[in-house]
Amino acid sequence: MEVIPRAGRFHYDGCGCGRHVQRGGLVDWIWDEPEGDKTATTAPATAAGGAGGGSAARSLDSGVSHSPESAPRLRIAYLIPHHNVTGGLRMILKQLAWLRGRGHSVLAVFRGPPGTPVLPPWSDVEVDREILLPETTSYSACFDHADVVLVGYFTQLVEFAGCETCPGPLLYWEQGHEHVFGDTLGSAQWDRWFHEAMHLPVALISVSDVISRILSRHFGRVAPVVPNAIDCEAWDPTAEASIAAKDYALSRSILLPPSVASGRPAHRLEDCVSVLLIGNPGLPMKNSTTALNVLNRVHAVVPNLMVTWVCQVLPSVSGVTFPIRAVVNPPQQALPALYGACGHSLLLFTSVYEGWGMPVLEAMAVGLPVVSSRCHGVDMFAVDGYNCLLADAFDVAGLATNVVRIVSDQSVASMLRHNGADTARKWTWDQSMTALEAALFRVQRLSGAAVHGS
């Protein structure tokens, strides 16, 4: 597994790095500045029982001398990047809710046509104030001063380049995407914007060790880790509301592919060996073709295989011999039960790379065994043979062997369920929010105008 994208394919003529070389260093000093007593906010020991790969990623200290209970409350503006159902946006919305729960005043800002909701309609998160900006209006001067402005995506950052005014010091949480990993098959313009944004004098934090290392190696940036988290109590697959939402989602599911589904009665999950897939089939990084090839191989030895695919868009599949129940854009409330109350034997996760890999941690939280690709992001918490079974992302035979091993050996499945649930309980929102608050206080107290200066 390649640790970090190679410079030879990451940077190129016109990649955007030449416009603002090293300007990020104007603010990175805030992560080293001693101030008062420090309260450690490190995440749980990373994968392999603390052997998380010898990470050079920086943990975050608060740099404030007061306890969380006596800390000042901040006015935080969060720029919402879009309304798509993505893991990254789900985590942003969780941050909004938790920051507000800790007493901070939270302002959500979104840009769109008149009448557009500021927060995604699929979310039940509430904030103190919402602002809808016209589509042609700049973020830089359209709302009152905030103690800190959290930026949702790098495309929003480039708007602040060269701005003489700013509503407050900026902080960007990098969660990972194709451009971070040097995957430039998508928009060339967006890739240039990403490279340009990483050189702006804006404070950065990162979701995982690998993201922090990439930003350090390729842009010379310091981006302490503020990890993802999960509320295991909220992820109760037996909760009545989640069960009801799951039943509704399954009632609207579509059986694929037509060549397999034609003439068949609807498959009942309880009569099958059921495997769960989670992810957008349209994203190459999710490596869906490999997942289907793995399951074709599994189907040869597990004839009653059934696959449930929870996804954002309807998959287009061919060449598979097993039935797939596609659950497209289910209610968010249904997710715990879709993971943990459908009789699935395991989650199969085949991403080539991830900033984090939230479906793996969500599966662990509900006690669902996991077969995953050995990829970055997931390695923050995934330990082969302890809380999951791992193989290389394109190793069809190895991944299939791991699936069959869980299906055929209940002692292995039981061990993975137990250890996975124990792992998930360690990644708490309280811990993640303490790290985020530490970053917010440092940016607000120490950076001042330097964060958005020229």
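Reader: Before I look at the helices, what makes a crossing left-handed or right-handed?

Author: A crossing is left-handed if the near helix is turned anticlockwise from the far one by less than a right angle, and right-handed if it is turned clockwise. Please keep in mind that this is a predicted model, in which local features need pLDDT of at least 70 and side-chain atom pairs count only at pLDDT 80 or more, while totals for chains, interfaces and linings use all residues. Residues are numbered from 1 along each chain as its sequence is written, and side-chain values use heavy atoms, with hydrogens and water left out.

Reader: OK, and how many helices and strands are there?

Author: The protein has 14 helices and 13 strands, where helices (H or I, at least four residues) and strands (E, at least two) are DSSP runs numbered from the N terminus.

Reader: So at what angle do helix 9 and helix 12 cross?

Author: The axes of helix 9 (residues 288–299) and helix 12 (residues 396–408) cross at roughly 55° and come within 9 Å; axes here are lines fitted to C-alpha atoms, for helices over the stretch in contact, with angles from 0 to 180 degrees between N-to-C directions. That makes helix 9 oblique to helix 12, since angles under 35 degrees count as roughly parallel, over 145 as roughly antiparallel, 65 to 115 as roughly perpendicular and the rest as oblique.

Reader: Left-handed or right-handed? And which residues make the contact?

Author: Helix 9 passes helix 12 in a right-handed crossing. On the side of helix 9, the contact (heavy atoms within 4.5 Å) is made by Thr-290, Asn-293, Val-294, Arg-297 and Val-298, and on the side of helix 12 by Val-396, Ala-397, Leu-399, Ala-400, Val-403 and Val-404.

Reader: Changing topic, where does Glu-354 sit, and is it buried or exposed?

Author: Glu-354 is in the loop between strand 11 (344–349) and helix 11 (358–365). Because its relative accessible area is 7%, Glu-354 is buried (buried means under 20%, exposed over 50% and partly exposed in between, with a 1.4 Å probe and protein chains only).

Reader: Which residues does Glu-354 touch?

Author: If neighbours within four places in sequence are left aside, Glu-354 is in contact with Phe-181, Val-210, Met-285, Lys-286, Phe-349, Cys-375, His-376 and Gly-377. The side chain of Glu-354 also has a polar contact of 2.7 Å with that of Lys-286 and one of 2.6 Å with that of Ser-351. A polar contact is a pair of N or O atoms within 3.5 Å; within protein, one must be able to donate a hydrogen and the other to accept it, and residues adjacent in sequence count only if both atoms are side-chain atoms.

Reader: Why is helix 11 called largely enclosed?

Author: Eight of its eight residues are buried, so helix 11 is largely enclosed by the rest of the structure. Its cover includes helix 3, strand 8 (273–278), helix 10 (335–340), strand 11, strand 12 (370–373) and helix 13 (410–425). After helix 11 comes Gly-367, whose phi is positive, near 80°.

Reader: And where is Ala-334?

Author: Ala-334 lies in the loop between strand 10 (324–328) and helix 10, and it is buried, with a relative accessible area of 0%. Its C-alpha atom is 4.5 Å from that of Lys-246, although the two residues are 88 apart along the chain.

Reader: What about Ala-97?

Author: Ala-97 belongs to helix 3 (residues 87–101), and its 34% relative accessibility makes it partly exposed. Over the whole protein, buried residues make up 56% of the 454 residues.
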